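I opened my notebook today to look around a protein model and write down what I found. Come along and check each entry against the picture.

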Amino acid sequence: MSTDATTAAAGIMTTAAVDARGVTLTIDGRTILDDVDFRAERGRVHALIGPNGAGKSTLLAALAGDQRVTAGRIEVAGRALHDYRLRDLARIRAVLPQEHGVFFPFTVGQVIEMGRSPWARTEHEARDDAIVAQAAEAADVSHLLHRSVPTLSGGERGRAAFARVLAQTTGVLLLDEPTAALDIRHQEAVLATARERADAGDAIVVVLHDLGAAAAYADDVTLLAGGRVVATGGVDDVMTAALLTEIYGHPIDVLPGPIVLPRRTPRGTHR
């Protein structure tokens, strides 16, 4: 499901990447994001990690254009975010929010088809059925296409939402906790699909609480705490035992691989 031809045909730069400088967000006198710099490159998976309340989801929403910032500049594909018309923006970046709020009785197939709406009345519309089928297969929801979304489990809803994002065929994917509520097989499948999209040239930004998954699938990592960037760079540079232990306030071991594990008290020694 290559996106290069699609983005090029839309007259949009194919160097799909996100660049944020000095992004600050203040709400009711509280600073949520504080002078954040961030860059996501094409062909790479960039994980946003950090403890609860670090600002990960807020930053992702700002990068998507769904959250207006107080100060700073955000560019997508080399163009200021606020310069895009909504439909044009939807053709170069797709967003998977943390909450999958589809409460109306749409079927899974209809939800996935929503991902094709930015391409309505264009020459790409002819590929809608094939792209929807590919997205459903990639997210393992082909057998659910005729099911009503409210009847699904949380994990099934999450996979349907992920399929919608894939069907949008953009060069930038912004994913907020895409593995939440998924069993281990589907967690790995979703992240492997994100990895495949990056290998095909897309820019992937993903919020993850699972540090082991971030270490396994990301090329780049940005560690946030208190709305600020603590560290950004390669996995080995950012995900050190000392830094993670400090930021998360819990002993963390990083083993060769790297494999990231919380340090736990052996069973039977709690008494």
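Which residues is L145 in contact with, leaving aside its neighbours within four places in sequence? This is a predicted model, so I kept in mind that local features need a pLDDT of at least 70. I found T107, V108, G109, I112 and A136 on the contact list of L145.

**Entry 1: around L145.** I placed L145 in the loop between α5 (128-138) and α6 (154-167). Is L145 buried, partly exposed or exposed? Its relative accessible area is 26%, and buried means under 20% while exposed means over 50%, so L145 is partly exposed. I also looked up a distance: the C-alpha atoms of L145 and A133 are 9.4 Å apart, and the two residues are 12 places from each other along the chain.

**Entry 2: I112 and the core.** Next I turned to I112, one of the contacts of L145. Not counting residues up to four places away in sequence, I112 touches V132, A135, A136, V141, L145, A160, A163, R164 and A167. The largest nonpolar core has 51 residues, and I112 is among those that touch the most other members, together with I49, V108, V141, L175, M239 and L244. Helix α6 gives this core its largest share, 7 residues. Another core, of 30 residues, lies apart from it and includes V18, A20, V23 and V36.

Entry 3: Then I went looking for exceptions.

- D140 has a positive phi, near 60 degrees, and is not a glycine. I found D140 in the loop between α5 and α6, and it counts as partly exposed at 27% relative accessibility.
- T169 also has a positive phi, near 45 degrees. T169 sits in the loop between α6 and β7 (172-176). Its relative accessibility is 1%, which is under 20%, so T169 counts as buried.
- The peptide bond from G257 to P258 is cis, with omega near -10 degrees. P258 belongs to the loop between β11 (252-255) and β12 (259-262).

**Entry 4: helix α2.** Which residues of helix α2 (residues 56-64) are buried? I noted K56, L59, L60, A62, L63 and A64. An α-helix has 3.6 residues a turn, so residues three or four places apart point the same way. Just after α2 comes G65, with a positive phi of about 85 degrees.

Definitions and conventions
Residues numbered from 1 in each chain as written. Predicted model: local features only at pLDDT ≥ 70, side-chain atom pairs only at ≥ 80, totals over all residues. Heavy atoms only, no water. Helix = DSSP H or I, 4+ residues; strand = E, 2+ residues; numbered from the N terminus. Buried < 20%, exposed > 50% of the residue type's maximum accessible area, 1.4 Å probe, protein only. Contact = heavy atoms within 4.5 Å. Core = buried A, V, L, I, M, F, W, Y, C linked by side-chain atoms within 4.5 Å.
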